[in-house]
Amino acid sequence: MKYSLSFLAFVASLSLINAGEFSSAKQPTDVITHSTLGFDTHRVDSHAPIGVMGDHTHEAGEVMLSYRYMRMDMRPNYVGSDTVLPQQVATPPGGGEFRITPTNMQTEMQMIGAMVAPTDDLTLMFMLPVLDRAMDHLIFNGTTFRTHSQGIGDFRFGGLINLFETESMKGHLNLGLSAPTGSITETGSIPVAPAPVRLPYPMQLGSGTWDLHPGVTVLGQNGDFSWGAQALGVVRLGTNDEGYSLGNEFNTTGWVALRLSDNVSTSLRLAYRNWGNIDGQDPRISGPVPTARPDLRGGQRIDAFYGVNYLATDGALSGFRVAAEVGRELWQDLDGPQLGMDWMFILGVQKSW
């Protein structure tokens, strides 16, 4: 919770600073709102890399639909910032705490999104994820098995509120909420149990709680270069029906992009994520496996991404944006044993009217 409270204070202070700075500016003409002379929202790089959500606002009456596909592979296990072999985690009776260990996990997500702007200063945002997760395991005797879960995740909605806009910069608040529409009672079969069991926490599809998503985003343009930064938090509001709440999160990312032409831009992005351990415990999630331990779920990591954006400017596909990002972890420090992020790929299509 300490990360969430400090993050909310940061967002509030930034809002007050921006409000004071721009309201007291000596040159009122330096501040413009959605003017063609200001921040160019029609550039190919006016949108952030595709892995950044809630990165831009729209003018009154505009609507945007989007689709994203994400694939993430996680391996190997980490204890702190050190990797450990599966055989070091899954040990025979008397050799250690765990008899089973995950060896790798794959997550595929399809995200359907919509944005609509009732006014120039407010853009509403809606996102529904569909998840497909698989995790491979090793038992101490050499047996391997896989668990699987799929379905919708937590539905997220909220508003982006413009803070300021100048000729080269703009910023907005991210105020979101997610509803507990994702299942937290997924089950699966494992060799050591005679009947299906409740799958561990990483294989569940939602948080089971209403979650607050506050944040702030700043964008800038300078010639053929553009840049952006975003800080987002996730605050769990209460305890779910199974007796626990996932850890709060703090995420921040920054990027630079180069416009190669009116249609193509490339980007480099760094992302930092910090998430806490689980508070409470589902009594039906148990067993000699690290993923069943609520106190082995927290951690932090830094990832790097390379991206490409394409904007169609003529023909039947005019106005369509196609973008992709691929990323690898640079560093991670996990409460483990816990699977670390290996690589991620994101592909998206966007269309505005």
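Me: What share of the 353 residues in the chain is buried?

Reply: A residue is called buried at under 20% relative accessible area, exposed at over 50%, and partly exposed in between, with a 1.4 Å probe and protein chains only. In this chain, buried residues make up 49% of the 353. The model is a predicted one, in which local features need pLDDT of at least 70 and side-chain atom pairs count only at pLDDT 80 or more, while totals for chains, interfaces and linings use all residues. Residues are numbered from 1 along each chain as its sequence is written, and side-chain values use heavy atoms, with hydrogens and water left out.

Me: How many helices and strands does the chain have?

Reply: Both are DSSP runs numbered from the N terminus: helices are H or I of at least four residues, and strands are E of at least two. The chain has two helices and 17 strands.

Me: Which residues have the most contacts inside the largest nonpolar core?

Reply: A nonpolar core is a set of buried Ala, Val, Leu, Ile, Met, Phe, Trp, Tyr and Cys residues joined through side-chain atoms within 4.5 Å. The largest one here has 25 residues, and Met70, Met72, Met105 and Met344 have the most contacts inside it. At least two residues of this core come from each of strand 1 (63–80), strand 3 (100–119), strand 4 (122–139) and strand 17 (320–352). Strand 17 gives the most, with five residues. A second, separate core of eleven residues includes Ile139, Tyr201, Ile285 and Ala292.

Me: With which residues is Met70 in contact, leaving aside its neighbours within four places in sequence?

Reply: Contact means heavy atoms within 4.5 Å. On that basis, and with those neighbours left aside, Met70 touches Thr107, Glu108, Met109, Met344, Phe345 and Ile346.

Me: Where is Glu329 found, and which side chain of opposite charge is nearest to Glu329?

Reply: Lys and Arg count as positive and Asp and Glu as negative, whereas His and the chain ends are not counted. A salt bridge needs a side-chain nitrogen of Lys or Arg within 4 Å of a carboxyl oxygen of Asp or Glu. Glu329 is found in strand 17; it is buried yet has no salt bridge, the nearest side chain of opposite charge being Arg328, 5.4 Å away. A polar atom of the Glu329 side chain does lie 3.1 Å from the backbone nitrogen of Trp331.

Me: Why is Ala229 classed as partly exposed?

Reply: Ala229 is partly exposed because its relative accessible area is 35%. Its place is in strand 11 (residues 225–237).

Note on methods. A polar contact is a pair of N or O atoms within 3.5 Å; within protein, one must be able to donate a hydrogen and the other to accept it, and residues adjacent in sequence count only if both atoms are side-chain atoms.
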